[in-house]
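Please look over the sequence and the structure before reading the points below.

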Amino acid sequence: MTADGTRTSPPTLHDVARAAGVSLATASRVLNGSERKVAESFRERVEKAADELGYTANASAQATARGTSAVIALLVADIADPYFGQIAAGVARGADAEGLIVTVAITERDADREAKILRALRGQRPRGVILAASRAETADDRTTAELAAFAPLGGRTVTFGEGGDRSIRIDNRGGAERLGREMAALGYRRAIAIGADEGVRTSDDRLAGFAAGFGDSGGRIERVYRGSFERESGAASMTTALTEGVDAGTLVFALSDVVAVGAMTAIRDGGRSVGDDIAVCGFDDVPVSRDVTPRLTTVRVPLADLGYEAFRATVDAEWQQPPLELEVVVRESTPGL
């Protein structure tokens with residue numbers, strides 16, 4: 001303290017305990033997230049004293065004492081993609097209820113970057129790691145090794161697909177197969193598909209499922225264009241398709257709503273119309289699919305709920321993923337023939 005009573009160093013846990021009139025152990029249980037119960041009257045006094053003193057718990061010290069920190073690390077490919085934004089919202093909902101913090105890292109679907117991020121996260125000792133980015137069919141050895149390295153530190157890893165301690169599973173193939181059947185039932189017989197690079201599991205499963213459902217019902221995919229999960233990829237692939245020629249009444253299946261929106265833009269820019277001229281459908285049912293004109297036919301995936309389940313998988317010892325229902329939603333972008 002200075003002569004006028006001004007504090008020159010940050011308040012300590014001892015200061016909080018003294019101001020609240022409780023033992024150091026009680027103050028620690030309240031402020032460091034101990035699972036041991038503390039009487040509500042003591043909790044209120046400790047929290048009030050901490051607020052008045054401006055005390056902030058030392059996260060590094062907590063991580064050292066517990067083995068893990070109060071952090072959930074979420075790795076996504078692209079935070080601008082609403083697919084990952086919805087998942088992040090679900091993870092954040094779960095973390096907030098448990099008093100945990102979510103940190104987000106961007107992998108850009110780069111295996112080297114993904115492994116480096118995981119290695120750096122080890123030093124923070126997160127309570128859990130959620131890897132939500134779409135991955136190649138064969139997981140990169142570096143990522144697999146980095147995920148395994150969290151086990152001795154007490155953190156649990158959860159992946160969308162194979163690779164972690166626990167997995168979040170989406171029936172991409174089954175959902176796309178049902179979409180293919182529904183599109184054939186509307187009278188479509190010719191289709192163009194837009195996917196990501198071969199070997200990316202989500203894309204491959206969705207393309208294979210749509211081809212099976214559409215083909216079994218009398219339809220045929222005439223061309224497949226490969227790119228990425230970005231809107232620009234959908235636009236570029238559709239522009240190429242239009243240059244090569246697209247007959248009226250053709251259906252375009254895009255591996256995601258974001259890619260589908262890019263394709264719709266290219267169709268308009270090419271002087272064609274979406275719907276009666278060239279039909280378009282996607283996958284995911286992100287909010288933008290309901291805002292575009294015409295509204296986009298898609299497969300509804302409860303992404304925010306999946307994010308919440310991914311969080312629960314990191315903290316619940318007995319967690320099991322509940323059944324996931326995917327729903328085909330037919331809208332004006334596929335009016336039928």
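In sorting residues by type, Ala, Val, Leu, Ile, Met, Phe, Trp, Tyr, Cys and Pro count as nonpolar, Asp, Glu, Lys and Arg as charged, and the others, Gly among them, as polar. By that scheme, the lining of the largest cavity consists of five nonpolar, three polar and five charged residues. The model is predicted.

**Chain overview**

- The protein chain contains 13 helices and eleven strands.
- It has 337 residues, and 48% of them count as buried.
- Its accessible surface is about 15600 Å², with 48% of that area belonging to carbon and sulfur atoms.
- Among contacts in the protein chain with a separation of 6 or more, 76% are between residues 24 or more positions apart.

**Cavity**

- One cavity of 30 Å³ or more is present in the structure.
- The space in the largest cavity amounts to about 90 Å³.
- A set of 13 residues lines the largest cavity, and those nearest its centre are Asp81, Tyr83, Phe229, Ser256 and Asp284.
- At least two lining residues of the largest cavity come from each of helix H5 (82-97), helix H9 (201-216) and helix H11 (257-269).
- Rolling a probe the size of a water molecule over the atoms shows where empty space is left.

**Thr26**

- Helix H2, spanning residues 24-31, includes Thr26.
- Thr26 counts as buried because its relative accessibility is 11%, and the cut-off for buried is under 20%.
- The side chain of Thr26 makes a polar contact of 3.0 Å with the side chain of Ser23.
- When residues up to four places away in sequence are not counted, Thr26 touches Val38 and Phe42.

**Val102**

- Strand S2 (residues 101-106) is where Val102 is found.
- The relative accessible area of Val102 is 25%, so Val102 is partly exposed, a class that lies between the limits of under 20% for buried and over 50% for exposed.
- Neighbours within four places in sequence aside, the contacts of Val102 are Ile72, Leu74, Val91, Ala92 and Ala95.
- Val102 and Phe311 are 209 residues apart along the chain, and their C-alpha atoms are separated by 9.8 Å.

Conventions. Residues numbered from 1 in each chain as written. Predicted model: local features only at pLDDT ≥ 70, side-chain atom pairs only at ≥ 80, totals over all residues. Heavy atoms only, no water. 1 Å grid on protein atoms, 1.4 Å probe; cavity = no way out; pocket = protein on both sides within 12 Å on 5 of 7 lines; lining within 4 Å. Points joined across faces, edges and corners; volume = space filled by probe spheres on them. Helix = DSSP H or I, 4+ residues; strand = E, 2+ residues; numbered from the N terminus. Buried < 20%, exposed > 50% of the residue type's maximum accessible area, 1.4 Å probe, protein only. Contact = heavy atoms within 4.5 Å. Areas by Shrake-Rupley, 256 points an atom, 1.4 Å probe, with all protein chains shown as cover. Polar contact = N/O pair within 3.5 Å; in protein donor to acceptor, adjacent residues only side chain to side chain.
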